[in-house]
Amino acid sequence: MKLAIASGKGGTGKTLVATNLFYALQQLNYQVVLVDCDAEAPNDMVFFKGEKIKYFYVHQEIPVINEKKCKFCSKCHEYCNYNAIFILPDLKVIKVIEDLCHGCGACDVACDFNAISTKPVPIGSITKYAIENNTFIIEASMNTGVFSPVPIINAAIKEAKNEKIVILDSPPGTSCPFINTVAEADFVVLVTEPTPFGLSDLKQSIDTLKIIDKPYGVVINRSGIGDTEIYNYLKQENIKLLLEIPFDKMIAFYYSNGELISQLEYQWADKFVSMFNFIIDQYGNSNN
Amino acid sequence: MEIAIISGKGGTGKSSISAAFATLSEKVVLADCDVDATNLYILFNPDVEGEEIYIGSQKAVIDYSKCINCGLCIEYCKFDAIYYSDQKINISSIHCDGCKLCSRICPNKAITMIDNDKSRMYYGSFRNGKMVYGKLAPGEENSGKLVNIVRDKAKKLAKENNINTIIIDGPPGIGCPVISTITGVDYVIIVTEPTLSGLKDLQRTLELTTKFNLNTVVIINKFDLNIKITEKIENFCEKLDIKIIGKLAFDPQVVAAMINCKSIIEWQPASDLSSQIKHIYNNLIYGQ
């Protein structure tokens with residue numbers, strides 16, 4: 001079972017839900033792995049202590065042009081769909097703009113003179129931590145100034161591919177990084193808050209999940225602030241409300257200190273486990 | 001003057017602060033560059049005066065009447081987007097990066113590229129001036145290109161209407177759309193919150209703004225949520241010689257304002273929070 005925890009709007013409580021669910025399942029001796037896919041701002045490890053057991057870089061292949069072999073024919077420039085090759089044939093100038101390169105390899109295929117080779121450039125890293133009870137956290141982290149976190153996210157998810165229960169803490173938004181994460185999940189938990197911004201972003205996330213045909217349910221965080229529009233919407237659309245977490249300064253305070261409510265107040269561990277059991281019951285594809 | 005408001009972590013209060021700033025000046029251009037989860041139009045309900053189609057990327061599509069099942073495209077695709085199933089070649093639109101290489105190498109010209117044309121840029125008038133915002137279609141590339149288009153339009157509108165100040169509400173994270181949001185602005189304001197996650201993301205965001213050599217200042221929002229971590233943030237910024245231009249207390253009225261489609265300045269102009277924001281803004285714009 002792969003469960004993605006996601007939200008359109010940032011800061012609604014994805015990490016709160018992902019880390020507490022992970023903790024609650026871990027305490028019941030479930031073999032669970034948490035993958036922090038928010039490679040631009042990975043924070044899951046703020047809440048846990050663990051031993052670093054694996055670390056590797058994720059690379060992208062960037063072309064290197066051998067100017068001695070290059071005939072300045074411009075074919076690689078034409079093949080590049082990202083405008084990453086700059087060429088002035090008359091002046092015999094050719095340059096790879098590395099920031100624009102997506103590593104597709106088209107320029108290499110284009111070149112008839114064997115003038116293009118590639119070099120690996122690190123764009124981020126994957127760290128695997130051993131946490132209590134034989135459970136793990138895999139963290140994707142993107143280097144600053146890198147174009148897209150997607151290859152790093154994919155590498156992190158791949159690292160957990162043989163595990164039975166996987167929680168994917170998704171990046172915010174509804175574009176590529178989000179889609180790449182939720183595409184790998186069996187079920188998506190959308191975390192939102194009962195405000196106009198929260199509702200608008202929730203609708204956008206749901207539109208996206210409908211396109212790729214993923215089952216989902218909603219967690220409302222900070223219930224009590226804001227208004228009731230979101231409840232009307234869920235009712236109207238017949239969307240399952242999985243859990244409500246009230247707005248509570250203590251919960252916010254625990255979170256700010258990197259503490260888990262499931263650890264401090266046992267009823268919360270129960271609530272997260274019940275939510276998990278409900279999802280397994282309804283959507284589970286294995287005997288977990 | 002262009003002021004970009006960003007934050008590594010989502011949900012720290014970027015949009016609420018942008019909205020407050022936008023309603024403090026007589027005339028302003030407001031650019032919502034959080035194209036992945038655009039929200040400010042909900043508050044300001046602008047009269048849309050125009051829209052432009054944004055084509056961010058392309059997707060590969062197979063014409064099965066031409067496909068001879070040779071599998072060459074699978075070999076060439078660096079994004080693992082092409083696979084064999086049900087005795088035919090399939091292209092996953094989620095994973096396709098739009099590089100066009102498959103289309104170029106297909107021996108039977110069975111693959112064509114189609115434009116992703118669902119994303120839009122809108123512009124118009126709102127009660128404090130002009131507004132521009134982008135809406136990225138679900139699942140599209142989280143591209144900084146749409147951000148650039150929004151910013152270019154904002155600059156144009158500022159010039160045409162003789163407006164001096166452009167307020168830019170940025171996306172979360174540290175990736176491509178954030179880089180596009182902050183490149184070349186006069187001020188970057190990082191809105192952070194006193195949580196360990198917030199501090200960690202602030203560090204990463206500062207790495208980015210330092211790399212781009214930008215004039216960066218910090219606002220600690222909801223600073224009273226955890227005084228100890230607020231102090232940590234203050235010490236951290238002092239060491240790096242980064243100025244903290246304001247500390248704002250948690251105030252549930254910010255959400256109440258949002259529900260009533262108003263900024264906090266419009267909702268409670270005389271409150272402590274509003275006068276504090278006014279003070280910050282005046283310092284920034286008029287330098288005291």
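**Reading the helices and cores of chain A**

Me: How do you know what the model is and how it is labelled?

Reply: This is a predicted model, in which local features need pLDDT of at least 70 and side-chain atom pairs count only at pLDDT 80 or more, while totals for chains, interfaces and linings use all residues. Residues are numbered from 1 along each chain as its sequence is written, chains are lettered from A and ligands numbered from 1 in the order in which they are written, and side-chain values use heavy atoms, leaving out hydrogens and water.

Me: Which residues make the contact of H1(A) with H10(A)?

Reply: H1(A) brings A:Val17, A:Asn20, A:Leu21, A:Ala24 and A:Leu25, which meet A:Ala269, A:Phe272, A:Val273, A:Met275 and A:Phe276 of H10(A). Contact means heavy atoms within 4.5 Å. By class, this contact of H1(A) with H10(A) has nine nonpolar residues, one polar and no charged.

Me: What makes H6(A) and H7(A) roughly parallel?

Reply: H6 (residues 196–211) and H7 (residues 229–236) of chain A pack at about 25°, with axes 10 Å apart. That value puts H6(A) and H7(A) in the roughly parallel class. From H6(A), the contact uses A:Leu199, A:Leu202, A:Lys203 and A:Ile206; from H7(A), A:Glu229, A:Ile230, A:Tyr233 and A:Leu234. Six of the residues in this contact of H6(A) with H7(A) are nonpolar, none polar and two charged.

Me: How many helices and strands does chain A have?

Reply: Chain A has 10 helices and 11 strands. These are DSSP runs, numbered from the N terminus: H or I of at least four residues for helices, E of at least two for strands.

Me: Why is A:Thr12 called buried?

Reply: A:Thr12 has a relative accessible area of 0%. Buried means under 20%, exposed over 50%, and partly exposed in between (1.4 Å probe, protein chains only). A:Thr12 is therefore buried. A:Thr12 sits in the loop between strand S1 (2–6) and H1 of chain A. Leaving aside neighbours within four places in sequence, A:Thr12 touches A:Ser7, A:Val191, A:Thr192, A:Glu193, A:Asn221 and A:Arg222. Across chain A, buried residues make up 59% of the 288.

Me: Which residues of H8(A) are buried, and what do they pack against?

Reply: In H8 (residues 249–256) of chain A, A:Ile251, A:Tyr254, A:Tyr255 and A:Ser256 are buried. The partners of the buried residues of H8(A) include helix H1 (14–27) and helix H10 (266–283) of chain A, and helix H7 (196–211) of chain B. H8(A) is followed by A:Gly258, whose phi is positive, near 75°.

Me: What makes a nonpolar core, and how many residues has the largest?

Reply: A nonpolar core is a set of buried Ala, Val, Leu, Ile, Met, Phe, Trp, Tyr and Cys residues joined through side-chain atoms within 4.5 Å. The largest has 80 residues, and A:Val35 and A:Leu190 have the most contacts inside it. Helix H5 (residues 144–160) of chain B gives the most to this core, with six residues. Apart from this core lies another, of 41 residues, among them A:Leu243 and A:Phe276.

Technical notes:
Axes are lines fitted to C-alpha atoms, for helices over the stretch in contact, and angles run from 0 to 180 degrees between N-to-C directions. Angles under 35 degrees count as roughly parallel, over 145 as roughly antiparallel, 65 to 115 as roughly perpendicular and the rest as oblique. Ala, Val, Leu, Ile, Met, Phe, Trp, Tyr, Cys and Pro count as nonpolar, Asp, Glu, Lys and Arg as charged, and the others, Gly among them, as polar.
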